[in-house]
Amino acid sequence: MSGTTTSTAAVRPYRPADHDAVYDICVRTADAGGDARGRYASDDLMPDLFAGPYVHLEPDLAFVLADAGRVVGYVVGTADTPAFVRAYRRVWIPRLAHRYPEPSGDPRTPDEEMIALHHHPERMLVPELAGYPAHLHIDLLPSHQGRGHGRRLLETFLAAAARAGAPALHVGMVSANVRARGFYDRLGFHVIPVPDPGPLTYLGRPTT
């Protein structure tokens, strides 16, 4: 991302009152960077997998971009992916058991595919990523993309992850999201070769 930032936009720590805004941003950017509203039976499904567990389990590593009092972007993640996976299974899956019962059999619909991912957090434990123990998810509303805000959010997270002891981090980026790939390339990320990565490309870099 390039260009100048607006003077009213500022990165700050996540607050519980930001929850609904983070969920809204997540679903509006969950379709390879595009709007996923209406794609699943509930618009909360994608945020429940890719935003909610982080702000609940790792609130100290959650930051938002606020512009004139409105949350327009966020970065969430963990400094320790194996510990996060254990907490996800121990805390997050039971917390949402009423909403997402464990499916039986192979998933047959897009909703069932996502719910199957929810019940298998160990999918995040990829051996090739062991040297990059931190990971993150970052999203901005289209109105605030391309202005340098993503860089500010990511640099804020990098500093926090480094303070938490993570030497490096990774992102699992949907390969079809070409714009996101350019963003990460400009910020010094490199491809981490992973056998059979599916729809994802794994990128990594040091936290400092």
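Student: How do the strands of a sheet pair?

Tutor: In general, the strands of a sheet pair through backbone hydrogen bonds, and they do this either parallel or antiparallel. In this predicted model, an open sheet of seven strands is laid out in the order E1-E2-E3-E4-E5-E7-E6, and its pairing is mixed. Strand E1 (9–13) and strand E6 (190–191) stand at the edges with a single partner strand each, so one side of each has no neighbour in the sheet.

Student: In which sense do E1 and E2 pair, parallel or antiparallel?

Tutor: E1 and E2 pair in the antiparallel sense over five bridges, and within E2 it is Phe63 that stands opposite Pro13. E2 and E3 also run antiparallel, joined by five bridges, with Val64 opposite Tyr74 in E3. E2 and E3 form a hairpin with two residues between them, and Ala68 in the turn has a positive phi of about 55°. By contrast, strand E4 (residues 134–140) and strand E5 (residues 168–174) pair in the parallel sense over two bridges, where Ala134 has Leu169 of E5 as its bridge partner.

Student: Which helices pack on the sheet?

Tutor: H4 packs on the sheet, touching strand E3 (70–78), E4 and E5, and its direction makes about 75° with that of E4. Helix H7 (residues 178–186) also packs on the sheet, where it touches E4, E5, E6 and strand E7 (200–206), and its direction makes about 160° with that of E5.

Student: Which residues of E2 are buried on each side?

Tutor: Phe63, Leu65 and Asp67 are buried on one side, and Val64 and Ala66 are buried on the other, which leaves both faces of E2 covered.

Student: Which residues of helix H5 are buried?

Tutor: The general idea is that an α-helix has 3.6 residues a turn, so residues three or four places apart point the same way. In helix H5 (residues 110–118), the buried residues are Asp111, Met114, Ile115 and His118. They cover an arc of only 100° around the axis, which puts them on the same side of H5. These buried residues of H5 pack against helix H2 (45–50) and helix H4 (81–95).

Student: Which residues are the closest to the centre of the largest pocket?

Tutor: The largest pocket holds about 1400 Å³ of space. It is lined by 49 residues, of which His137, Gly172, Met173, Val174 and Leu200 are the closest to its centre. H2, H5, E4, E5, H7 and E7 each supply at least two residues of this lining, and E4 gives the most, with six residues.

Key
Residues are numbered from 1 along each chain as its sequence is written. This is a predicted model: local features need pLDDT of at least 70, side-chain atom pairs count only at pLDDT 80 or more; totals for chains, interfaces and linings use all residues. Side-chain values use heavy atoms; hydrogens and water are left out. Buried means under 20% relative accessible area, exposed over 50%, partly exposed in between (1.4 Å probe, protein chains only). Helices (H or I, at least four residues) and strands (E, at least two) are DSSP runs, numbered from the N terminus. The arc is that of the directions from the helix axis to the C-beta atoms. Contact means heavy atoms within 4.5 Å. Two strands pair if DSSP finds at least two bridges between them. Axes are lines fitted to C-alpha atoms, for helices over the stretch in contact, and angles run from 0 to 180 degrees between N-to-C directions. On a 1 Å grid over the protein atoms alone, a cavity is a set of points where a 1.4 Å probe fits but cannot get out, and a pocket is an open set with protein on both sides within 12 Å along at least five of seven lines; lining residues have an atom within 4 Å of a point. Grid points are joined across faces, edges and corners, and a volume is the space filled by probe spheres set on the points.
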